[in-house]
Amino acid sequence: MHVLFVIDPLPLLKAYKDSSVAMMRALSARGHTLSVTLQGDLYIDEGIVKARTTAIELVEGADLHEHAWWREVGPHAAPDGSLASEGARPPSGGRAANGYSVDLPLSAFDAVIMRKDPPFDMEYVYSTHLLEYAQAQGARVFNSGAAIRNHPEKLTITEFADLATPTLVTRDMDRLKAFHAQHQDVIVKPLDGMGGTGIFRLRAEEPNRNAILETLTDNGQRTIMAQRYIPEIVKGDKRILLIGGEPVPYCLARIPLAGETRGNLAAGGRGVAQPLSDRDRQIAATAAERLAGRGLLLVGLDVIGDYVTEVNVTSPTCFVEITEQTGFNVGEMFAKALERAVG
């Protein structure tokens, strides 16, 4: 297969812990060819969705803590093995001296992997539309553009109300205050946050409650989420990965720092891999059944205690931490699932 990654600039990735890099390494080890493009290099020309793409290869034995773990290769070969000289251009913007980029339809690749990290702004939304149009033209996109756009990561738990802690989504201040009064101890967060940003815990006697709600809702102009606090957060916010509808047998419990309510690794949480519990497997099976057939090759379920708190579909992570701590190669599981999906 020739696989195109829509991804952030490679020099900005922390390759030693990046899940996208783990995917690339697994695909490369199985003999597949890799190319990359940036979100800003997706475009439509006379109705055809194309991208400025660059072929890369991974450097064997490279130190993943350094930047020289990959190199561009050129002249660029098209996915069918022919030389794609038309549209090729010399390197610019920091590209390697021997590199070339070439403009190709997304349908020319065997698979397109959308791994651009949020923020999920309007440019991201436009990209999901371009990916959806590309699929109509024959491209194989994972996760699909429509699936990413139609499964906002916090709101999707609406489909799992039976597996979730009591949850309210609103921008109405009175409703939020009533929810807090009912449950006494709640978490409030923006719908578009990531990495633990903007998350607050409101205990029963929270003197800053009104100020926090006013700030998060922009005085009632922005919709937010409120959830009953789950005390089991002290044991970790578990990331359960579904790949091709099957759960990875280990999750990563992201355990908060002392005095913190956020387990996110970006907020200082400590990741501890552990086998899935019976409840974890039940949640994973239910989620896989309900999400089947929607263009979601990779899903990251966030679970605290017995409850689903988020369903991540944009760029789920934790491949490396699970692999290093358990020996289970998550990247290889993904590569095999992609092979099956492409057929």
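The sulfur of Cys318 lies 9.5 Å from the closest cysteine sulfur, that of Cys251, which is too far for a bond. A disulfide, here a pair of cysteine sulfur atoms within 2.5 Å, is accordingly not to be found, and the structure holds 0 disulfides. Cys251 takes part in no disulfide, its nearest cysteine sulfur being that of Cys318. Cys251 is buried, with a relative accessible area of 0%, and Cys318, at 2% relative accessibility, also counts as buried; the term buried means under 20% relative accessible area, exposed means over 50%, and partly exposed covers what is in between, with a 1.4 Å probe and protein chains only.

The model is predicted, so local features need pLDDT of at least 70 and side-chain atom pairs count only at pLDDT 80 or more, whereas totals for chains, interfaces and linings use all residues. Residues are numbered from 1 along each chain as its sequence is written, and side-chain values use heavy atoms, with hydrogens and water left out.

Turning to charged side chains, a search of the whole structure finds 15 salt bridges, each defined as a side-chain nitrogen of Lys or Arg within 4 Å of a carboxyl oxygen of Asp or Glu. One of them joins Glu310 and Lys154, with 3.5 Å from N to O. Because Glu310 lies in strand S18 (residues 307–312) and Lys154 in the loop between helix H3 (145–150) and strand S9 (167–170), this pair ties together parts that are 156 residues apart in sequence. Helices (H or I, at least four residues) and strands (E, at least two) are DSSP runs, numbered from the N terminus. Glu310 counts as buried at 11% relative accessibility, and Lys154 counts as buried at 5%.

The loop between H3 and S9 also holds Asp162, whose partner Arg290 lies in helix H6 (residues 278–291), so that this pair ties together parts 128 residues apart in sequence. The side chains of Arg290 and Asp162 meet in a salt bridge of 2.9 Å, N to O. Arg290 counts as partly exposed at 29% relative accessibility, while Asp162 counts as exposed at 51%.

A further salt bridge is formed by Asp237 and Arg254, whose closest N and O atoms are 3.3 Å apart. Asp237 is in strand S13 (residues 237–243) and Arg254 in strand S15 (residues 250–255), and the pair links distant parts of the chain, 17 residues apart. Salt bridges that share partners join Asp237, Arg239, Arg254 and Asp302 into one network.
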